[in-house]
Amino acid sequence: MDPIIDVRDLKKYFPEVKAVDGISFAIEPGICFGLLGPNGAGKTTAIEVIEGILEPTAGEIYYKGEPRGRSFKNEVGIQFQNTELPQYLTVKETLLTFRDLYDRRSDLGYLIETCRLEEILKRDNRKISGGQKQRLLLAMALANDPELIFLDEPTTGLDPQARRHLWDIVRNIKSLNKTIVLTTHYMEEAEILCDRIGIIDHGKIIVMGTPAGLLREYAGGSTITLRTEIDDAMLQSIPCRWFRKHGHIEIQTDSSGECIRRLVELGVDLSTMNVRHQNIEDLFLKLTGHELRA
Ligand SMILES: Nc1ncnc2c1ncn2[C@@H]1O[C@H](COP(=O)(O)OP(=O)(O)O)[C@@H](O)[C@H]1O
Ligand SMILES: [Mg+2]
């Protein structure tokens, strides 16, 4: 299927930093594509260039095979990472005001129901919780019944329950065959919501694929965590790669049995040992040497 959006060698340089440094990807209609990366990786800059809010330094962006034109503006919805809501307006007034800006509009009842706003419609914007604010911002992004929706870190700062709530809504939107581009620094979010992810660091996409495919390809092994002191010389004698983190050591290995046998031989205290399958955070650490959630 032809991509709905096609980004080719996109760059955005600021005087001090190459925020986006040559990224390329094409997104099929109807999927959720995620840019996963730590703070400062270039996620917001990348999607703001694609949205048309920032001018690229170089590169090309095609929407349905053509350079972005009027139809692009009319057919996309944007949820910004940081948005101030108008004060002294209720949730319903905000939604109505925003929806009036467009010729093409989503049904109001649909927006309220999809984004679960029934109970807060009469509430002043200043009196809604973080999760409620994100749901209102999502409804605003859907106000013009967009085909393509950009969500910039939609759940950052939310508590786990509010986060799950928002995930349900995003899945709902996805089931309507809309295309979603989202950014996140939460591995679980990328795994749960995204059909494909690009892992981004220092303005470059390091790997791209389905969450399961990436795990199969790059993170088939185990991660062993130990809250005990082991010196580098000892670790060097084990078939593994290790990282020292706050208060513990993380050992990544493709042969956990062999690794644990060596630890026993070395007389390491294993009472705090935890062994688990590798996840996307381990993959990120393996590929970049630093953590996704710094
Ligand atoms: N307007 C700007 N001027 C200069 N530097 C910027 C600007 N916006 C972002 N940056 C820098 O670009 C890099 C990427 O930022 P950003 O795209 O916000 O990352 P992310 O959204 O992944 O946290 C950071 O180093 C940030 O400081
Ligand atoms: Mg950002």
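**Reading a core and a ligand shell**

Guide: Leu117 touches Leu95, Leu111, Ile112, Arg135, Leu136 and Ala139, leaving aside residues up to four places away in sequence. Keep in mind that this is a predicted model.

Visitor: Which residues have the most contacts inside the largest nonpolar core?

Guide: The general idea comes first. In soluble globular proteins, nonpolar side chains tend to be buried together. Here the largest nonpolar core has 43 residues. Leu95, Leu117, Leu136, Ile197 and Ile199 have the most contacts inside it.

Visitor: Now the ligand. Which residues surround ligand 1?

Guide: A residue joins the shell if one of its heavy atoms lies within 4 Å. Around ligand 1 these are Phe14, Val17, Ala19, Pro38, Asn39, Gly40, Ala41, Gly42, Lys43, Thr44 and Thr45.

Visitor: How many of the shell residues are nonpolar, polar or charged?

Guide: Five are nonpolar, five polar and one charged. Helix 1, residues 43-51, gives the most to this shell, with three residues.

Visitor: Where are the polar contacts to oxygen atoms of ligand 1?

Guide: Look for pairs of N or O atoms within 3.5 Å. A backbone N or O atom of Gly40 lies 2.7 Å from a ligand 1 oxygen. For Gly42, a polar backbone atom is 3.0 Å from an oxygen of ligand 1. Lys43 uses its side chain: an N or O atom there is 2.8 Å from an oxygen atom of ligand 1.

Visitor: What share of ligand 1 does the protein bury?

Guide: Taken alone, ligand 1 exposes 560 Å². The protein buries 59% of that.

Technical notes:
Residues are numbered from 1 along each chain as its sequence is written. Chains are lettered from A and ligands numbered from 1 in the order in which they are written. This is a predicted model: local features need pLDDT of at least 70, side-chain atom pairs count only at pLDDT 80 or more; totals for chains, interfaces and linings use all residues. Side-chain values use heavy atoms; hydrogens and water are left out. A polar contact is a pair of N or O atoms within 3.5 Å; within protein, one must be able to donate a hydrogen and the other to accept it, and residues adjacent in sequence count only if both atoms are side-chain atoms. Accessible areas come from the Shrake-Rupley method with a 1.4 Å probe; for residues, only the protein chains shown count as cover. Helices (H or I, at least four residues) and strands (E, at least two) are DSSP runs, numbered from the N terminus. Ala, Val, Leu, Ile, Met, Phe, Trp, Tyr, Cys and Pro count as nonpolar, Asp, Glu, Lys and Arg as charged, and the others, Gly among them, as polar. A nonpolar core is a set of buried Ala, Val, Leu, Ile, Met, Phe, Trp, Tyr and Cys residues joined through side-chain atoms within 4.5 Å. Buried means under 20% relative accessible area, exposed over 50%, partly exposed in between (1.4 Å probe, protein chains only). Contact means heavy atoms within 4.5 Å.
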